[in-house]
Amino acid sequence: MGYKELYNDWLESDIFDAETKEELKAIENDEKEIEDRFYRELEFGTAGLRGVIGAGTNRMNMYTVRKATQGLANYIISQGGQDKGVAIAYDCRHGNTLFADTAALCLNANGIKAYVFDALRPTPELSFAVRELGCIAGINITASHNPSEYNGYKVYWEDGAQITPPHDVNIMDEVKAIKSFEDAKTMDKDEAIAQGLYNVIGKEIDDKYIEKLKLQVKNQDAIKEMADDIKIVYTPLNGTGNVLVRRILDELGFKNVYIVKEQEEPDGDFPTVGYPNPESEKVFELAMKLGKEVDADLLLATDPDADRLGVYVKDDKTGEYHPLSGNMSGCLLAEYEISQMKEQGNLPSDGALIKTIVTTNLANDIAKAYNLELIECLTGFKYIGQHILNMETTGKGHYCFGFEESYGCLIGTHARDKDAVVATMALCEAAAYYKTKNMSLWDKMVEMYETYGYWKDGIQSIELKGKEGIEKIAATITKIRNNMPTELAGYKVLSHRDYEKDVVTDLTTNETTTTGLPKSNVLYFDLENGAWVCIRPSGTEPKLKFYYGVKGKDFADADKLEAELGNFMVDMVNELLK
């Protein structure tokens, strides 16, 4: 059935409600919009759904959510897990409670219990709740840091991590097997509650989650000593972090926590920023203003579902606030957490630091300095979670720290996803600790560069919306794959890795080996002088992304090398896109 036929079917079918049909009638003269809404079904990928909210097969709405949930329910039943139930959380996005209830009632209609949070909650708490309640799976209604017109649907498995092989592929197959929206079940909410299928959860999970976070504190004495001196500016960016971040900081004893009022309350429109991404300088404009007013030591921003943390730290010598990239803040926390384990005699002899392949090689040097195993995995925190699970089940190795360049890390194993709540707590603790040593967080960051080398990493992305954009992204990666470069920006390519073909080629010996990781549409180039480049399509947005890193002699040299390599990659990719 073509897109126009599907459009007409939605207008005429009794399955879809009047509000949906009214929305579709309003675009009857916009052929391009009709095509974009119906040229495909919103893809259920390896983590779930993410898309623009609206009516149509290629949109986030209660019908696409219900269909995805029916596929998940079928898989849960096939695994004999229906008695364990599913935890469901949501953030501040438009359609949040509608989609959460749609998913819950579909599960209920299939005889599966749902445990639904009573209000919006951070992503890491959903991950925690899955394991705490002994659920077979979890669903989180969130589009993370995407613009306000988006929402999403992430699926977690019983280990608390987002779904990985074989569950991801099997669930995708079950979703694809449902050919009609009519085949997705639902039931009355009051009836589901009466039957004990629909269950509300809240404070009891919050309390247990907070207690787990407190177990990760390494230096309560330092917090107590500096609680009156450390000044913290925090913004939840109108998302889920507000309540729990403030609670944990308060309970640990921090006295001077200043909240950006304009971004305090939940608001799916994100009125002050539009694009609530803690990587963006714009989201810190209000925090910066407040920070200068109160002379804050650090500025912190959690994204809407509070799994990622953006950071600015003050240089006490100049008064300037420096932004920390995800690589920088991740390494700063890794250094603090691991050094404290060593100092306190708790660093395991078989400890491991885990990072993704697009994360800075500064992490490699930290792992080496503390004699930890460095483990690399594909992009996506679920793969870090997979390694944690493997360590627990085999008894081999101990998780010490894990992070990815996209502003996400996990301290402890209470969750199996990025946790900006615990990261906020730990960074404030680190600020207090280093202050007892007459150091700021920026001083510590500079000390690390002087110790390990001046690593500088960058990321660029090119957005290509719609059907044509997705096709161009795929074609561009294929072009590179079919003609692998031997030089990039004047750097000799020492080896390249094709994760789709599972091949690593050493260009000096022409020997080939396997990547040792799951297949993925990713190309990676090891360059001379420690430089590197990685190219991949975004898994959540219509973007072609390329990552790169260099090692300079000092700050100025690293900045220069990073800019040169980044500009070269932009020009190269734009040329290939023509």
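**Entry 1: ground rules.** I am reading a predicted model, where local features need pLDDT of at least 70, side-chain atom pairs count only at pLDDT 80 or more, and totals for chains, interfaces and linings use all residues. Residues are numbered from 1 along each chain as its sequence is written, and side-chain values use heavy atoms, with hydrogens and water left out.

**Entry 2: the sheet.** I looked up an open sheet of 4 strands, ordered S13-S12-S14-S15, with mixed pairing. Strands here are DSSP E runs of at least two residues, and helices are H or I runs of at least four, numbered from the N terminus; two strands pair if DSSP finds at least two bridges between them. S13 (373–377) and S15 (408–410) are the edge strands, each with a single partner, so one side of each has no neighbour in the sheet. I then followed S12 (residues 351–356), which pairs with S13 in the parallel sense over 5 bridges. There I found Thr356 opposite Cys377 in S13.

**Entry 3: the arginine.** I found Arg121 in the loop between strand S3 (114–117) and helix H6 (123–132). A polar atom of the Arg121 side chain lies 3.3 Å from the backbone oxygen of Ala119.

Key:
A polar contact is a pair of N or O atoms within 3.5 Å; within protein, one must be able to donate a hydrogen and the other to accept it, and residues adjacent in sequence count only if both atoms are side-chain atoms.
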